[in-house]
Amino acid sequence: MSDSYRAASDRYSKIPYERCGRSGLKLPRLSLGLWHNFGGVDAFENGRGMCRAAFDMGITHFDLANNYGPPPGSAEETFGKIMDLDLGPHRDELVISTKAGYHMWDGPYGEWGSRKYLLSSLDQSLERMGLEYVDIFYSHRPDPDTPLEETMGALATAVHGGKALYAGVSNYPADMTREAHAILEEMGIPLLIHQPKYNLLERWVEPELLPALTELGIGCIPFSPLAQGQLTPRYLKSIPADSRAARESGFLQLAEVEANQSKIVALAAIAEQRGQTLAQMALTWVLRQPAVTTVLIGASSVAQIEENVACAASAGFSDEELKAIDVACA
Ligand code: NDP
């Protein structure tokens with residue numbers, strides 16, 4: 001790959017940008033996550049190519065976490081190298097996020113939601129990425145044993161200290177999100193965004209969380225909108241050797257893939273009638289929710305990102321299509 005990267009001059013004409021809740025920050029309708037395929041075990045040039053191509057397509061938001069890899073931390077190192085080589089001159093055009101919550105180092109201070117863990121983890125993430133600040137710092141999961149005031153206080157400290165511009169939560173249920181919002185508000189920090197899992201096959205956010213986010217003016221960035229690749233034709237015939245389900249370090253279980261097979265076949269038929277690929281329909285379906293700011297996709301190739309970005313221009317759903325989709329998923 002050529003070392004001298006010049007960003008595409010038409011990059012802001014390809015994807016719409018949406019305001020994140022009631023904040024001043026706009027996010028592209030598709031964002032790229034570095035959970036899989038950017039670790040130390042993966043081919044660096046492939047990950048680098050995806051980040052460059054994504055930015056050329058108008059994807060300004062890159063999502064990381066302290067533990068992404070494998071090994072944990074290596075996705076942030078990969079991203080740091082890509083910043084060094086390619087994207088660094090565009091720092092002010094980028095929204096870079098990281099998180100802390102899952103296990104990162106041994107002992108009592110290496111996971112969950114204490115102030116001790118969150119703030120030292122953020123320092124480590126900044127070091128690995130070679131950044132002075134991240135745009136969004138998340139509490140990655142709720143901690144049942146740490147007072148929410150302490151976890152939110154750590155996010156507020158990160159923002160007040162300039163190491164993060166905004167605060168977010170991930171995997172928090174609706175009631176805790178309301179509490180987190182109230183606590184942060186008292187500290188003068190808005191809760192910018194929530195990152196929950198949401199896709200055609202997993203809809204827990206619909207009854208309570210999405211209405212709460214809309215009411216409170218919090219943005220929403222659903223992760224795994226393709227159910228880790230299941231909502232694509234990837235597994236319709238077999239388990240490809242280069243797929244997530246075939247990887248030792250992957251989080252997608254074969255049993256899950258097999259159990260969803262008949263739903264995927266039915267959904268693929270509906271997508272075809274709409275003139276979309278299954279991946280595009282699955283993303284359009286998540287983006288149809290007014291509460292959703294951006295969908296957070298993963299990818300293993302530039303071609304996948306290109307295909308997915310094309311959904312940003314697609315038509316909404318008729319009532320009949322939505323009903324047929326619900327039947328296929330039942
Ligand atoms: P997706 O559901 O979008 O799955 C991505 C995978 O789907 C890709 O790796 C690829 O699989 C496959 N894929 C993508 N596009 C296509 C296509 N057009 N055709 C065929 N296959 C396709 O998202 P992820 O599960 O990767 O999650 C996205 C991001 O969300 C993560 O990177 C991370 O940033 C974040 N996340 C956050 C969590 C949290 O707790 N906050 C938890 C999990 C994720 P393959 O690699 O097999 O080719």
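In this predicted model, helix α2, residues 74–87, packs with helix α3, residues 115–129, at an angle of about 45 degrees. The axes of the two helices are 7 Å apart. The angle makes α2 oblique to α3. On the α2 side, the contact is made by Glu 76, Glu 77, Phe 79, Gly 80 and Met 83. On the α3 side, the residues are Ser 125, Arg 128 and Met 129. Sorted by class, this contact has three nonpolar, two polar and three charged residues.

Helix α3 also holds Leu 118. Is Leu 118 buried or exposed? Leu 118 counts as buried because it has 29 C-beta neighbours inside 10 Å, and the cut-off for a buried residue is 20 or more. Apart from neighbours within four places in sequence, Leu 118 is in contact with Ala 100, Gly 113, Ser 139, Thr 151 and Ala 154. Gly 21 lies 97 residues from Leu 118 along the chain, and the C-alpha atoms of these two residues are separated by 24 Å.

In soluble globular proteins, nonpolar side chains tend to be buried together. Here the largest nonpolar core has 87 residues, and Ala 167 and Ala 282 have the most contacts inside it. Helix α8, residues 278–287, gives the most to this core, with eight residues. Ala 282 is one of the buried residues of α8. With neighbours within four places in sequence left aside, Ala 282 is in contact with Asn 199, Leu 200, Pro 225, Leu 226 and Leu 231.

How many of the residues of α8 are buried? The count is ten of the ten, so α8 is largely enclosed by the rest of the structure. Among these buried residues are Leu 278, Gln 280, Thr 284 and Trp 285. The buried residues of α8 pack against α7 (254–274), β10, α9 and α10 (319–329).

β10 (295–297) and α9 (302–309) each supply at least two residues of the shell around the ligand. Helix α9 gives the most to this shell, with three residues. The ligand is surrounded by 30 residues, of which the closest are Gly 33, Trp 35, Phe 223, Gly 229 and Gly 298. By class, the shell divides into ten nonpolar, 16 polar and four charged residues.

Key: Residues are numbered from 1 along each chain as its sequence is written. This is a predicted model: local features need pLDDT of at least 70, side-chain atom pairs count only at pLDDT 80 or more; totals for chains, interfaces and linings use all residues. A nonpolar core is a set of buried Ala, Val, Leu, Ile, Met, Phe, Trp, Tyr and Cys residues joined through C-beta atoms within 7 Å. A residue is buried if 20 or more other C-beta atoms lie within 10 Å of its own, exposed if 12 or fewer, and partly exposed in between; C-beta atoms are placed from the backbone. Helices (H or I, at least four residues) and strands (E, at least two) are DSSP runs, numbered from the N terminus. Two residues are in contact if their C-beta atoms, placed from the backbone, lie within 7 Å. Axes are lines fitted to C-alpha atoms, for helices over the stretch in contact, and angles run from 0 to 180 degrees between N-to-C directions. Angles under 35 degrees count as roughly parallel, over 145 as roughly antiparallel, 65 to 115 as roughly perpendicular and the rest as oblique. Ala, Val, Leu, Ile, Met, Phe, Trp, Tyr, Cys and Pro count as nonpolar, Asp, Glu, Lys and Arg as charged, and the others, Gly among them, as polar. A residue is near a molecule or strand if its C-beta atom, placed from the backbone, lies within 6 Å of it.
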